[in-house]
Amino acid sequence: MAGSVVPVAPAGAAPQAPASAAAGDGAALLQAMRAHAAGLGLSQIEVSDLQLADCEPHLLRWLEQGMHGSMHYMQRHGLKRMRPAELLPGTLRVITARLDYLPADTPPAWRGVELQRLRDPQAAVVSLYARGRDYHKVLRSRLAQLAQWIERQARPRLLRVYTDSAPVPEVALAARSGLGWRGKHSLLLHRDSGSMFFLGEIYTDLALPAGAPASAHCGSCARCLRVCPTQAIVAPYVVDARRCVSYLSIEHDGPIPEELRQPMGNRVYGCDDCQLVCPWNRHARRSPLPDFLPRNGLREAALLDLWAWSEAEFLLRSEGSAIRRIGWQRWRRNLAVALGNALRALPAGAPARQAIVGALAAALAAADPLVAEHIDWALRQPPSAGQARALPVDAPTP
Ligand code: B12
Ligand code: SF4
Ligand code: SF4
C-alpha cells in the first residue's frame, strides 16, 4: 500500500538541499506545530532523525527466521523500511505522532474488566483498538490536516503522511523521536500514557530539531512475556507473529494451526493481553474523539450474538471499522474457534452448551470449507468435567 500523499513536491524527486531556509526557525515552527496538532486531536508529536541503523540487524534476523509468517510485504521491502530516505528520497526528518484510543467512557478499572471478560467462555472479545471507527481513517485525516498546515507555514519541498500504510518502521521512529520507549512486548510505551495509542508519521525535508530517545522503564518486569496466551513473545522485544493471536485472527487467511486454537480462548479479533498486564497502562489516556466509542455493542458482545450475524449484517455493521478488513470467512473462522473453546469450558448438558452445539451444527451445511473445518473442530471439543470452567488467563491483578 502506498502512503497518503500531500501534494507538494513530485514524489521521488532527486534529493535536494533541506528546506531549512524556507522553514525559518525550526524550533519555533515545531512549537507552533505542536499547538496545531493538539487542536486537531493528536495526542503528541515529536521529531526523529533517520539514524535507525541499530535496528537493521534485528529486522533482518526476524525476517530470516520467518517470524513474519505470510505478511509478505514485510519481506518484500526488507531494509528499505529502516531507511526513510530510500523510501522517499530527500527525507531529512520524520514527524512522529501518537493518537490515544481508549474510548472516553472507559471505566477506571478497565484492565480488570477486560481480563474478566477473557475468562468468560461465552463472551466475544474484540481487541480494544478495533471496537470503533477504523483508526487508519481517523489518524490519516488528522495528519493530512497537519501536513496542510505545515505546507502553508513552511512551504517544504517534501511532505508525506503515513499511517501504517507503507514500509515505515513506526515504533523505531517513535522511540528515536522521544515519543516513548519500546517495551518488551515490542510496542511503544510512554510513562504518562501507557501504550494504548496508534502511531503515524509525516516524512519531510524540513530541518526540524530532532528529539532525544526516551529512557526505558521496563526494568526487571516480564509480565507481558508471561501472560501471552500463545507464547508469541519469544524473547524480550521479539514477537513471533506466527504465534501471535493478533496475526492469527487478523492477518492470517488460512486455517488456524490446531495447537494454537485452544490458547486463543475467546479472542475473536486481535489481542490485548500483553498490554492489559503492563503496569504502565494504569496511565493509558482516554480519547476525546467519538470515533473510538464502541459500535454494535462490541465491548460486551456474546459469541452467539456475533455468530447470529448474517453476511449482510457483518458487512453493514463493520462498515468504517477495521474489522471489515478480515472479511466474512475469517470472522466466522475466529468465532468458530472461540465457540469450540466455550464448549470445552461448559459441562455436558448445560443449556448454554446445547445452544452453542445447535448454532454451530445449523451453520455447517452452508459454510465454506475453511469455516466448515473450524466448525467441525469446535463440535469435537469435549465438555468440561463437572462445573463450568473459566478460560485460563494467567494474569496478575492489574
Ligand atoms: C507487522 C505488525 C504487526 C505484526 C507483528 C508484530 C511485531 N511486533 O512485529 C502483528 C500482526 C503480530 C501485530 C500485532 C499487533 N500490533 Co502491529 N504492527 C505491525 C507493523 C505493520 C510493523 C511492525 C514491524 O515492523 N515488525 C517487524 C519487527 C522486526 O519489528 P519489531 O517487533 O518492532 O522488532 C524490533 C524490535 O524488537 C527491535 N529489537 C529486536 N531485538 C531487540 C533487542 C533489544 C535489546 C532491543 C532494545 C530491541 C530489539 O528491533 C526490531 C526492529 O526494529 C506496525 C506498523 C508499522 N508500519 O510499523 C504495527 C504496529 C506495531 N502494531 C500496532 C498494534 C496496536 C498491534 C497490536 C496491539 C494490535 C492488537 N491489539 O491486536 C498487536 C500487538 C502485538 C505485539 N505485541 O507486537 C501499533 C503499535 C502502537 C504502539 N503503541 O506501539 C503499530 C505501530 C501500528 C500503528 N500504526 O499504530 N502487528
Ligand atoms: S497481542 Fe496477544 S498473542 Fe500477541 S504478543 Fe501480545 S499477548 Fe501475545
Ligand atoms: S509488561 Fe513489563 S516488560 Fe512488558 S512492556 Fe510493560 S513494563 Fe515492559
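**Core, ligand shells and local features of the predicted chain**

In the largest nonpolar core, which has 100 residues, Leu 335 and Leu 339 touch the most other members. Such a core is a set of buried Ala, Val, Leu, Ile, Met, Phe, Trp, Tyr and Cys residues joined through C-beta atoms within 7 Å. Helix α15 (residues 327-345) is the main contributor to this core, giving 9 residues. At least three residues of the core come from each of domain 1 (4-104 + 132-204) and domain 2 (302-383). Beyond its neighbours within four places in sequence, Leu 335 is in contact with Val 268, Leu 303, Leu 306 and Trp 307, where contact requires C-beta atoms, placed from the backbone, to lie within 7 Å. In soluble globular proteins, nonpolar side chains tend to be buried together.

The model is predicted, and local features need pLDDT of at least 70, side-chain atom pairs count only at pLDDT 80 or more, and totals for chains, interfaces and linings use all residues. Residues are numbered from 1 along each chain as its sequence is written, while chains are lettered from A and ligands numbered from 1 in the order in which they are written.

The chain contains 17 helices and 11 strands; helices (H or I, at least four residues) and strands (E, at least two) are DSSP runs, numbered from the N terminus. The radius of gyration of the chain is 22 Å, close to the 21 Å that the globule rule gives for 398 residues, so the chain is as compact as a globular protein of that length. This radius is taken over C-alpha atoms, and the rule is 2.2 Å times the number of residues to the power 0.38. The C-alpha trace spans about 75 × 45 × 40 Å along its principal axes. Two domains, domain 1 (4-104 + 132-204) and domain 2 (302-383), are assigned to the chain, with bounds from an automatic or database domain assignment. Their C-alpha centres are 38 Å apart. Of contacts between residues at least 6 apart in sequence, 81% join residues at least 24 apart.

Among the 398 residues of the chain, 45% count as buried. A residue is buried if 20 or more other C-beta atoms lie within 10 Å of its own, exposed if 12 or fewer, and partly exposed in between, with C-beta atoms placed from the backbone. Helix α8 is largely enclosed by the rest of the structure, because 7 of its 8 residues are buried. These are Glu 170, Ala 172, Leu 173, Ala 174, Ala 175, Arg 176 and Ser 177. The buried residues of α8 pack against β2 (44-48), β3 (93-100), β6 (181-182), β7 (188-189) and β8. Gly 178, which follows α8, has a positive phi, near 100°.

The shell around ligand 1 holds 34 residues, of which His 58, Glu 170, Leu 187, Ser 246 and Gly 270 are the closest; a residue is near a molecule if its C-beta atom, placed from the backbone, lies within 6 Å of it. At least two residues of this shell are supplied by each of α3 (56-64), α8 (170-177), β8 (197-204), β10 (238-239) and α10 (245-251). By class, the shell around ligand 1 comprises 22 nonpolar, 7 polar and 5 charged residues. Ala, Val, Leu, Ile, Met, Phe, Trp, Tyr, Cys and Pro count as nonpolar, Asp, Glu, Lys and Arg as charged, and the others, Gly among them, as polar.

Ligand 2 has 13 residues around it, and Cys 228, Cys 244, Cys 271, Asp 273 and Cys 274 come nearest. Two or more residues of this shell are given by α10 and by α12 (273-276). The division for ligand 2 is 9 nonpolar, 3 polar and 1 charged. Around ligand 3 there are 13 residues, with Gly 183, Cys 218, Cys 221, Cys 224 and Cys 278 nearest. The shell around ligand 3 has 9 nonpolar, 2 polar and 2 charged residues.

Positive phi values in residues other than glycine occur at Tyr 237, near 75°, and at Asn 296, near 55°. Tyr 237 lies in the loop between β9 (233-235) and β10 and is partly exposed, because 13 C-beta neighbours lie inside 10 Å. Asn 296 is placed in the loop between α12 and α13 (303-307); with 17 C-beta neighbours inside 10 Å, Asn 296 also counts as partly exposed.

Key: Two residues are in contact if their C-beta atoms, placed from the backbone, lie within 7 Å.
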